[in-house]
Amino acid sequence: MTTAALGWFASHEIRLAWREWLAMMTGGRHGRRRAVIIGLLVFGALLHVPAYAVIGRYATLQAPLDKPALIVITATIFLAWALMLSQAIESVTRVFYARADLDLIMSSPVALTHVFSIRLAAIAISVTAMALLLATPFVDVLVLGGGLRWLSVYGVVMAIGLSAAAVAIAVTILLFRTIGPRRTRLIAQILAAVIGAGFVIALQVAAIMSYGTLSRFAVLTSDAVAGFAPGPDSMLWWPARAALGDGEALLLLLALGFLLLGTVMAGFSAGFADTAVRASTSTISARPGSRARSFRPGSQQQALWRKELVLLRRDPWLLSQSLMQLLYLVPPALLLWRSFSDPSVVIMLVTPVLVMAAGQLAGGLGWLTISGEDAPDLVTTAPLPPSRLIRAKIEVVLFVIGALFAPLVAALLFASPQQAAVTAIGVIVAAASATAIQLWFRMQARRSQFRRRQTSSRLATFAEAFSSIGWAATAALALSIPVAALVTGSMTAALLATTWKFSPRRD
Amino acid sequence: MASNQSALQVRGLTKRFDRPAVDALDLTVRTGEFYALLGPNGAGKTTTLRMVAGLLRPDAGSVSIMGIDALSDPVAAKRIMAWVSDEPMIYDKLTPLEYLEFVAGLWGTNPSVAESSARELLTSLGLEANMHERCEGFSKGMRQKVALAGALVHDPRLIILDEPLTGLDAVSARHVKGLLGERVRNGCTVIMTTHILEVAERMADRIGVISAGRLVAEGTLAELRQQNGKNDTSLEDMFIALVDREAVAA
């Protein structure tokens, strides 16, 4: 492949990435492009407000910094890196499993090593570009308040983007080689889902265990962490120093980023094609236990139940999301555990977290079971009324939510029966609301299209999010200011009614 | 063996999208008959069959399956019918055996009968070794065979197939044709669309040719030849002549 051809392929990759992103934003509708661009500009402008609230006061920071400040900045940069790593792992996995595309590329007369190197470099570029865009409002706030030296944050974002892509490639390919292609897909999806959240949650857990608070800063600014932290000349502070405008640290960081990406690509490029071939030809066998089992008797409803439950159990998205939800539940669960010996108002945080998690999970489950039907012709031509089919699917969603949240509510019962009752009602209402929204906005799709579910209807997406938030707030207020709970509950119910009014299916 | 009782009776069936897809179609298929529905792309074959299977609501007309009004009592009609589309829709995360168990459960088939039938079907379709593998790695032909086994596992009296041989290799296609032929010999009715005219020529008791949503010719191969005035012509030649004539008339 000539240099010109490599350049052409790189531009092709970037064009594909751009179009995919655009399709995600517009739901594949051309008419929405202008609205999306305007919406993004407005969103970017609005993002300056929270950016100012969060980091405005740090704009005047000057080097040299004390250890707690260095730790907080470094931890923030590490969090950004973890989120970029999560996105990069997801993208790298897709490169190796996008079979239709691979067939064309692998049958073309080009060196596959070059093609995959470019493809992976394109991932590094797109991950970094997205992070640069998201960083812009924050950098604007810092530059306005503290001067042009803060532009160096862009360099830091670029460096950590490159290193995140490098680590993502290495992790994914090592997973391929150690556990095989079929498990890698699942594990990589789980890793991508939990890596970003994991860091924040780990800090929260440390804060709860040490200080009985959810504040992550309690840990980061503690004397204990400062005692463990290395001296001011350590490499560990390079990103923080680079962000503050230290040109030498920035150059070193960028050089490290490029070096890491280059090394990983050079080291693994020989196996790219082999990895892609193995990924595209892997088949997944059922668990051995299912071989001996006979066909089970039961009603049509039970057949539908069983099918939905098996599909949910085998769904990698659901597995990763459930793990993430469980991770999010670890801090409140720890608070709950601590409160048995040390009663505190902080236990009330458990209720909104559980209600919110139930709503979010029910929304995803609802889409997978109601809209995500891979054999629509089969179930439509089956001898049962459509209403029974839908009912069975709804029952499965509520059953799964019940099974996941009942133990947590039961644990809460020991701490506070009243709170347990409010939480149970909140979980049921939030799950039912999210499921109802999925039902009203249902549309035929394949389960594998789950990633794009939020683009099919913006109204449904926002309604689902606000309904979960609304019911979580209502449940929290019901425990502290019951009158206010009436207001938020009514507002959330009104939101649902409005959503139903605008939905394509009002049944 | 075909009887005079009708397995499918369609009267005045009409469906419009941006133009008429099916135009007041009348069609009768006898019980125990292998009926091949032919036509050029976009002629309305799939739309017709999707309306018969209950996948599309017609704008006008009636559909009767074994004497059951399929529009007023769709559940009763679906109980005795099976549908296989050209694009096999199965669940990637289920194994073929699990898929057939689900289908049998949906049709309320006795589990022990369904299980032995499922194993037999998968074996005869060459999927014995893949019975316990999830379908996600299957080729299109393998998926088509799983979908076909799903259509047969509940022992329907009327099987409707839209291009069922698409994507199948010669051996698999022969297996499928053998299975369908056997079902017809046992009294089942098969309605099939196909672009492989040789299959229609060799297997069908009667052939219908549809063009622009209307039935333009129908009969046994001999009757079609007679209608065409040429006794030694092939079905392919007759089909092309008919389609050309309709195109000129339109």
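## Terms and model

A residue is buried if 20 or more other C-beta atoms lie within 10 Å of its own, exposed if 12 or fewer, and partly exposed in between, with C-beta atoms placed from the backbone. A:Leu459 is partly exposed, because 15 other C-beta atoms lie within 10 Å.

This is a predicted model: local features need pLDDT of at least 70, side-chain atom pairs count only at pLDDT 80 or more, and totals for chains, interfaces and linings use all residues. Residues are numbered from 1 along each chain as its sequence is written, while chains are lettered from A and ligands numbered from 1 in the order in which they are written.

## Chain A overall

Chain A has 22 helices and zero strands. Helices (H or I, at least four residues) and strands (E, at least two) are DSSP runs, numbered from the N terminus. Of the 507 residues of chain A, 39% count as buried.

Two residues are in contact if their C-beta atoms, placed from the backbone, lie within 7 Å. Take the contacts in chain A between residues at least 6 apart in sequence: 81% of them join residues at least 24 apart.

## Helix H22 of chain A and its surroundings

Helix H22 of chain A covers residues 482-502. Its 21 residues reach 30 Å from first C-alpha to last, close to the 30 Å expected at 1.5 Å a residue. The expected span is 1.5 Å times one less than the number of residues. The buried residues of H22(A) are A:Thr488, A:Thr492, A:Leu496 and A:Thr499. They cover an arc of only 80° around the axis, which puts them on the same side of H22(A). The arc is that of the directions from the helix axis to the C-beta atoms. On the other side of H22(A), A:Val483, A:Ser490, A:Ala494, A:Ala497, A:Thr498 and A:Lys501 are exposed.

The cover over the buried residues of H22(A) includes helix H19 (417-440) and helix H21 (458-480) of chain A. A:Leu459 sits in H21 of chain A. Leaving aside neighbours within four places in sequence, A:Leu459 is in contact with A:Thr499 and A:Phe502. A:Gly372 is 87 residues from A:Leu459 along the chain, and their C-alpha atoms are separated by 18 Å.

## A:Leu46 in helix H2

A:Leu46 lies in helix H2 (residues 33-55) of chain A. It is exposed, with 11 other C-beta atoms within 10 Å. A:Leu46 and A:Ala69 are 23 residues apart in sequence and 27 Å apart in space, C-alpha to C-alpha.

## Where the chains meet

30 residues of chain A are in contact with 33 residues of chain B. On the chain A side, the elements that give two or more residues are helix H13 (289-292), helix H14 (300-313) and helix H17 (376-381). H14(A) gives the most, with six residues.

By class, this side of chain A has 14 nonpolar, 10 polar and six charged residues. Ala, Val, Leu, Ile, Met, Phe, Trp, Tyr, Cys and Pro count as nonpolar, Asp, Glu, Lys and Arg as charged, and the others, Gly among them, as polar.

## Helix H6 of chain B

Helix H6 of chain B runs over residues 170-185. Its 16 residues should span 22 Å at 1.5 Å a residue, and its end C-alpha atoms are 22 Å apart, which agrees. The buried residues of H6(B) are B:Val176, B:Leu180 and B:Val184. Seen down the axis of H6(B), they fall within an arc of 75°, so they line one face of the helix.

What covers these buried residues includes strand E3 (34-38), helix H5 (140-152) and strand E8 (189-193) of chain B. On the other side of H6(B), B:Val171, B:Arg174, B:Gly178, B:Glu182 and B:Arg185 are exposed. B:Gly187 follows H6(B), and its phi is positive, near 100°.

## Strands of chain B

Four strands of chain B form an open sheet in the order E2-E1-E4-E5, with antiparallel pairing. Strand E2 (20-30) and strand E5 (68-69) of chain B stand at the edges, each with a single partner strand, so one side of each is left without a neighbour in the sheet. Two strands pair if DSSP finds at least two bridges between them. Strand E4 (residues 60-65) of chain B and E5(B) pair over two bridges. B:Ile65 stands opposite B:Ile68 in E5(B). Helix H1 (residues 45-52) of chain B packs on the sheet, touching strand E1 (6-16), E2 and E4 of chain B.

Strand E9 (residues 206-211) and strand E10 (residues 214-219) of chain B pair in the antiparallel sense over five bridges. The bridge partner of B:Ile207 in E10(B) is B:Gly219. The hairpin of E9(B) and E10(B) has two residues between the strands, and there B:Ala212 takes a positive phi near 50°.

Definitions and conventions
Axes fitted to C-alpha atoms, helices over the stretch in contact; angles between N-to-C directions.
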